[in-house]
Amino acid sequence: MQLQQLLQHHHLLGSSHLRSRSCPPLSVAMWKTQLRTSESKSTTLSFEHAKEAIQNMFNKVELSVSAYDTAWVAMVPSANSPDTPCFPGSINWILENQVSDGSWGLPNRHPLLMKDALSSTLACVLALKRWNVGEEQMTKGLDYIMSNFSSVMDETQHSPVGFDIIFPSMIDYAIKMDINLHLAQEDFEAILQKKDLELQRVYRKNSGARNFYLAFVSEGLGNLQDWEMVMAYQRENGSLFNSPSTTAAALSHLSNSGFHSYLSSVLNQFGNAVPTVYPLDVYARLRLIDLLEMLGIDRHFREDIKTFLDKTFRLWMWDDDEIFADIATCAMAFRLLRGHGYNVSSGPLSIYSEEDYGFDRFGGHLKDINDALELFKASQFVIYPDESYLEKQNLWTGHFLKQQLSNHSLQADGLSIRIIQEVDDALKSPHHATLERLASRKCIEHYNFDNTCIFKTSFHFMNSDEVLLKLAAEEFNYFQSIHVEEFKQLKRWYAENRLDCLTFARQKVGYCYFSAVATIFSPELADARMSWAKNGILTTVVDDFFDIGSSEEEQTNLIKLVEQWDAHESISFCSEKVKIIYSALHSTICEIGDKAYTYQDRSVTGHIFDIWLNLMKSMQREAEMVSKNAVPTIDEYMKNGYLSFALGPIVLPALYLVGPKLSEEVISSSGYHKLFELMSTCGRLLNDIRGFKREAKEGKLNAVSLHLLHSSRAISEGEAMRELERLAEGKRRELLKLVLQGHSTDVPRACSVLFWKMSQVLHLFYRTDDGFTSQDLEGTVKAILQDPIAMPRMIMSSNVCSQTQKQR
């Protein structure tokens, strides 16, 4: 029994958010059939096990332990008896956890992690030699090291952070401890040369970056370390950098109760072993929330997400170390908190400037790239005028990430492909031009089951990745099956209303439905989705009608019919075109109004007609300006142009169909109108910038041409476009602020977010060209409306229930 069957039951008829009265008439029979096929106890268990497995990830963060870090902890001598280990349990763990090939570290490791295996193995050998135990294990470990020593100089191998300093130092320690490595002199000199080159690179950094890195790799410096400098990096939990190995190296040289307390608590947590970084709870849970949202399945875990974000907000307000001591955690916390409407300052991110920081903290390691990526994504959430430092961060982190894509520091292998893909997607699809369904599809298709991370050593989160991906993929395909039926219904509606007979109008049924389904995709929002799509098609028809397909008499006739919509029978149609358009408008508006009544408990049909009337009058004014060769000021043009851009009939009626009741007071409030004005003004500017050359040839009014004409100084077309792009950017940020900081308007978040979603659609359509008019997005539309996701091979035959039970 497939999870998809349960999803049919859970989403369509089992959800507490679903109103049965909102089901599209043509879909009710289909949904009932699906219910009959889904009533299976085993299927219900399958879904519940999947959900439980994911919820457990919120409850407990499970990390793999690190042989490398455990070895350094094992080498710490007792403060009271230097000839005995401070943490003897760690020695026992090393003795009991050698891999069959003689190495220590993660079993079944990636073939490109040989340096990691060598580092972990040598550290464990040093720990055993330090206390003169485990002769047999040491011999096997040394055999492994010498058999694979060529990997040390192999540039295709991934290096743990600090490897070029720490590994040569461990070789030196081994020699001083009379461990016979059977190492050729030229090999020894080669690795020492690499260490010297790395130290030279480090000392060329500014003092802040240099001290940070040298403190982090303290175990590689030993007696040469400036331990007083290192103490500046001790955290509230007693650790250095949340790194057991760094903390253990420091405790071997300094008597510090904080170090000892930290290591003792981690050992108690993990049973005589330690992970390579701890704690990582906040980062891991934020990463899980981000992943659930990218996969498009966060709707099942709203309570879990809110609970943890509430906790994260409290930690943010308390200046908690676990958030602010790590760039990626801080940036991701800021992005998710601000994105969910929490009032957080971007101030903590302001310290990361290109001049003072750069991304070479960890030697150009993947950790640096991940930090840069998170800061790049966070810097897109600018909503206040005094956040110029976020704009600068966006520029320089973007430049850094582009460099990483183009040079050889990122190898396109199984270990780096995930970060490569994330960087590429982030650069191509900024937040303001990202549609949820597109992002989810990419995330599912590019999902990497190998979640190995590399720091000082490799580690991974003990996540139920197969469960996450199976739920996301099956839900995507199931939702798409609903969308396919809706699209068929939409095309029938288009033909039945004879809109295909209007030869002057652009045929944009697919694009209009795509814009709806890519943003408001869940089954219970079917009414809002169909309202959005139908009105999108009708606004395209009406726009072309006023633009090229009508006479002044026909325009006046259509407007009069809409003005008297409840008594239109007394007015005759002056042409067949007017009859077709008005008939489609009237029946569709009344249908939407009837459905909206079930949500609002009041009639809103008159308001929807008023929205259409305002649009048509603005289009008529624009047509009159063109016919009279009028040259309005840019302000006069925009005052009318944001209305004539035709987003009102698409977005505003849909607000009535997403759930919350909207009173007359809300509809007439300044906040409601400001949201609409900002969204529409931004859209009008984007349209005019991208369509400037085409519209100039057609003799149409355009913001760019008017700006050129009325500018107080001589400017080029390029300068005019850039100035209007900055204006559009300002409007977009103001819109995002109103949506995120919902207390500043009376519009419920479930409604105000539709204004932002439409803005994202517009930024996608107008990213490089007038995407709505051209055919450039046909492949994208097809991916959302037609092509199901092929289930990844690793989970094709797996069952969510069995996967979950196995991982327990």
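The second largest cavity is lined by Met57, Lys60, Val61, Glu62, Ala284, Arg285, Arg287, Leu288, Leu291, Phe461, Asn463 and Leu468. A cavity here is a set of points, on a 1 Å grid over the protein atoms alone, where a 1.4 Å probe fits but cannot get out; lining residues have an atom within 4 Å of a point. This model is predicted: local features need pLDDT of at least 70, side-chain atom pairs need 80 or more, and totals for chains, interfaces and linings use all residues. Residues are numbered from 1 along each chain, and side-chain values use heavy atoms, without hydrogens or water.

Helix α14 gives the largest share of that lining, 5 residues. Helices are DSSP runs (H or I, at least four residues), numbered from the N terminus. Why is α14 largely enclosed by the rest of the structure? Of its 15 residues, 11 are buried, meaning under 20% relative accessible area with a 1.4 Å probe, protein chains only (exposed is over 50%, partly exposed in between). Just after α14, Gly296 takes a positive phi of about 85 degrees.

Arg285 lines the cavity and also forms a salt bridge with Asp281 (3.6 Å, N to O). Such a bridge puts a side-chain nitrogen of Lys or Arg within 4 Å of a carboxyl oxygen of Asp or Glu. The two residues sit 4 apart in α14, about one turn. Arg285 is buried at 9%; Asp281 is partly exposed at 23%.

Lys176 bridges to Asp172 at 3.3 Å. Lys176 is exposed at 62%, while Asp172 is partly exposed at 26%.

Definitions and conventions. 1 Å grid on protein atoms, 1.4 Å probe; cavity = no way out; pocket = protein on both sides within 12 Å on 5 of 7 lines; lining within 4 Å.
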